[in-house]
Amino acid sequence: MTGNKTYVRTTCPRDCYDSCGIVVVKRDGVVAKVLGDPNDSVSRGALCGKCAIAYNGVWRDPAVRLGHPLRRTGRKGEGRFEAVDWDTALAEIAQRLQTIVDHHGPASIWHTHYTGTCSKIAGGFPLRFFNRLGASEVEPDSICNLAGQLALEYVFGTAVLGFDPRSARDANCLLLWGVNPSASGPHAHKHWFREAPGRKIVVDPVRTPTAEAADLHLQVFPGSDAALAFSMLHVLRRKGLIDRAFLSRNAIGWEEIEHQLGDCTPEWGAAQTGVPAAVIEDAAGIYGRGPSLLWLGQGLQRQPMGGNIMRACALLPAATGNIGKAGAGFYYLNGSGRKGIRESYIAAPQLRREPAHSLSHMDLAATLEDSEKARALFCWNINIAASNPQQTRLHRALQRDDLFTVVVDPFLTDTADFADFVLPAASFLEFDDIVSSYFHLTLGAQVKAMEPIGVSLPNQEIFRRLARAMGYGEPELFESDAEILAKLLRDVGFSGGFDDFAGKGTLELWPEPVIQFADFKFPTPSGKIEIVSARAEAAGHPRTPLPIVDPRPAGDHLRLLSPATPWLMNSSYGNDPKIAAKLGPEAVTLHPDDAAERGIADGDGVEIANETGRLAAVARVAAVVPRGTALSGKSRWPGGSSARANVNVLNPGRKTDMAESSAVHGVEVTIRRASA
Ligand code: SF4
């Protein structure tokens, strides 16, 4: 490479366990390449495949990125727009919003957001605007992990104080349950998991690369995880591996579990789950001898009984005393709060003058159909036309002419096609911010490496300007990035400014592995682990987790799993042609016996169908899934298919047993060979 080379170290802010350190290579001031940072302990010089392509592809391609605000000229859904300047766009949006506020009230304005750009300011500052406006919010985590959060809050008082991944060096066992880091945290799979000295156990219905790399793979039938947990507890009790001293000091309600264990033999567990009894014995013994780490995945709780399943799995560390010592603990999420970041400072809820309203993503399509309930919709950091359930119904609702719709995104997504205005968002390469990993106990510097494409702006600046156009005057709405970054760094105890932080790249906030719950104080009402939860009972849930399973699909139905794949980050990157080539056509994987019963061969065209929708796909036949299940990756861009649909066209939007969260892994379908 010739020319004057300079380097910018930054951090990937995607919805990913890894939070990779990145090096942006510039030649004569122009970005030439985006690479993994060789000095970063996570990426070790290599990005994942999807980011290596997209950050050097559509992410920096002015022909694909949105460079100007757009105003709709065609029918909703057509994706025909004209470019307008910021002042025109913001003045018209402000005027439309004010009219809606005056005639229908601000609660009829909905906003929905999630993890497009997860850095702290870009992902949180826009909430200040919506709080001031008094808008209603679609509960962000209801599309993802809310059932698990509530379940763990019942048991431990929190879902966001997970183990420190560095604890793996002291663990004799890593148990990964319902998580596939080979797709959702590729560096955790490649380095953290493989290099950990302990025995590895993976519980997953799919034989993923992470399951392949484990010492034991428990290929559980979806929806039967609670039975597997109870069966393991039965074995632990028989082997004398229940830590009764720990339970009596730190937990309430173990006796109500213990009397249920007699019938939960490994043979019973095998019948319920499909995992051989001997494998259940082995897994329980390895885990119970500890010290052991338990990683509870988000896929695990996207099942109809996801809350019960999470509570049942949470019994394992409690019953074996795998908490409060080196190499032990459980993990679901690590929140920013434990690092000193105050989400309430970023979101400024004090700006709200009206009561807050929210709803589950599972109810979004129905709400948007109703002009009494919804007059306007803002989508930022999210692509609901790809990622939400009830896809056909939602697309139809988004066509409502009287639903004023604004989309903020770096790209013209399927959701943007339905917008009245599309506002171009800058990418993470184009502004400074802070990335808080939800796996590692680190903070990463997101450092500006190039000017925004066209006149695109960071999310936060778009909402500052919109606040001004609305005539708002509260200073919180206009606080600059520099002021916010300085405050956030002070809050986390960093003594330097953002430039010093940027020089470090990644901050390890604790020099040594943090022992989870070292003080044995649990933020539950009793201060103990609540195996019996009065709060859960008061909310209409069982007092304790139960050894129950979902009914198996009846007749010729199959249970459809639609998890993350290695080539997409939720729906991000679906528009990169190289990624599209890697993805190939829409595909569904069946067990060889299920395929044979249906006369389906590998490579056949098939139709996947249920009462909600139908989808054409190519069949893949492989024993990577249990009989009775089918597998199809999530979140392709619907616009890439002639039917304008992806796997969510089959998702009826069923809710989990807790928190009205997505039960997407409970969808049932039939699969038939396509007729021609
Ligand atoms: S998406 Fe994840 S694995 Fe890929 S570069 Fe970003 S943080 Fe790393």
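Which residue just after α5 takes a positive phi? I looked it up: Gly157 does, at about 85 degrees.

Before going on, I noted that this is a predicted model, where local features need pLDDT of at least 70, side-chain atom pairs count only at pLDDT 80 or more, and totals for chains, interfaces and linings use all residues. Residues are numbered from 1 along each chain as its sequence is written, and side-chain values use heavy atoms, with hydrogens and water left out.

**Helix α5.** I took helices (H or I, at least four residues) and strands (E, at least two) as DSSP runs, numbered from the N terminus. In α5 (residues 146-156), nine of the eleven residues are buried, meaning under 20% relative accessible area with a 1.4 Å probe, protein chains only. Among them I found Leu146, Leu152, Tyr154 and Phe156. The buried residues of α5 pack (heavy atoms within 4.5 Å) against β12 (292-296), α14 (306-320), β13 (329-331), β21 (529-530) and α22 (534-538).

**The sheet.** Next I followed β12 and β13 into an open sheet of five strands, ordered β10-β9-β8-β12-β13 with parallel pairing; two strands pair if DSSP finds at least two bridges between them. β10 (216-218) and β13 are the edge strands, each pairing on one side only. β12 and β13 share three bridges, and Trp295 stands opposite Tyr331 in β13.

**Helices across it.** I checked angles between N-to-C directions, from 0 to 180 degrees, with axes fitted to C-alpha atoms, for helices over the stretch in contact. α14 lies across β8, β12 and β13, at about 170 degrees to β12. Helix α9 (residues 225-238) lies across β8 (173-177), β9 (199-203) and β10, at about 155 degrees to β8.

Definitions and conventions: Buried < 20%, exposed > 50% of the residue type's maximum accessible area, 1.4 Å probe, protein only.
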